[in-house]
Amino acid sequence: MPRPGILFAALWLALAVRLSATPWSTATSDLPPDPSVRWGVLPNGLRYGIMPNHEPKGRVSLRLLVSAGSLHERDDERGLAHFIEHMAFRGTTAYPRGALVPALEHAGIALGPDNTAFTTPRYTIYHLELPDAHEQMMRLGLGVFYEYASNITFDPDLIELERGVVLNEKAIRDTPEARIGEANQAFLWPDTRLVHRAPIGLEEAVRHFTRDQFVAFYNACYRPERLAVIVVG
């Protein structure tokens, strides 16, 4: 099964060299795309969009889009896409056992305002806000995205630590307003999969996810052709 491999090294080259690639779907839309955006696809299927922007001066916003969310889960995987998002911050090959956050903070990138992520029914997005546009900082940011896309380790001990975090998040979200919203969706669209696939998942499933389940979903969904990188700055 092909993995992202050297996709982010290639993406870095794409920032300086125009690549001849299959265009995004914007090319066939009846709405004209912003002409300032460079759209492209790398040979392995990874899509990218690069947009020059001069305000705030010197800063760069990065987004990694993964076309996988709670709608892609099986019945025994409800909550897994969101849990994988959490595990990206817990440990990767280059940043094992919580080393990522201190490394980014050392570079001036704080967890929360500058480095975060969220999962929806249809996709997962990782954010990085870089304090400058120097080559070293760009390599750091794109390298972190490479780790998210290819090298989450799913350390069993860290899974157990994060399981409590996810369950606590689920408990906090269980408010009267949230229950009303869920009931309203079920009333309006009773037969849709969306009603039964909230990203936070089911408590029983979250309590019993195995490492094999994490790895299987990750290998199936975090593939180059399901990824896109957006660079604005």
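1. A contact here means heavy atoms within 4.5 Å. In the protein chain, 78% of the contacts with a separation of 6 or more are between residues 24 or more positions apart.

2. The model is predicted: local features need pLDDT of at least 70, side-chain atom pairs count only at pLDDT 80 or more, and totals for chains, interfaces and linings use all residues. Residues are numbered from 1 along each chain as its sequence is written, and side-chain values use heavy atoms, with hydrogens and water left out.

3. The predictor's confidence in each residue is given as pLDDT, from 0 to 100. For the protein chain the mean pLDDT is 88, with 89% of its residues at 70 or more. Residues 4-22 have pLDDT below 50, although this stretch has 44 contacts in the model beyond near neighbours in sequence. Where pLDDT is low, the predicted coordinates should not be read in detail.

4. Eight helices and six strands are present in the protein chain; helices (H or I, at least four residues) and strands (E, at least two) are DSSP runs, numbered from the N terminus. The order of elements from the N terminus is α-β-β-β-α-α-β-β-α-α-α-α-α-β.

5. Of the 233 residues in the protein chain, 41% are buried, that is, under 20% relative accessible area (1.4 Å probe, protein chains only). The accessible surface (Shrake-Rupley method, 1.4 Å probe) of the protein chain is about 12,400 Å², and carbon and sulfur atoms contribute 58% of this.

6. Q213 lies in helix α8, residues 211-221. Q213 counts as buried because its relative accessibility is 16%. Leaving aside residues up to four places away in sequence, Q213 touches D76, E77, L80 and H208.

Technical notes
Buried < 20%, exposed > 50% of the residue type's maximum accessible area, 1.4 Å probe, protein only.
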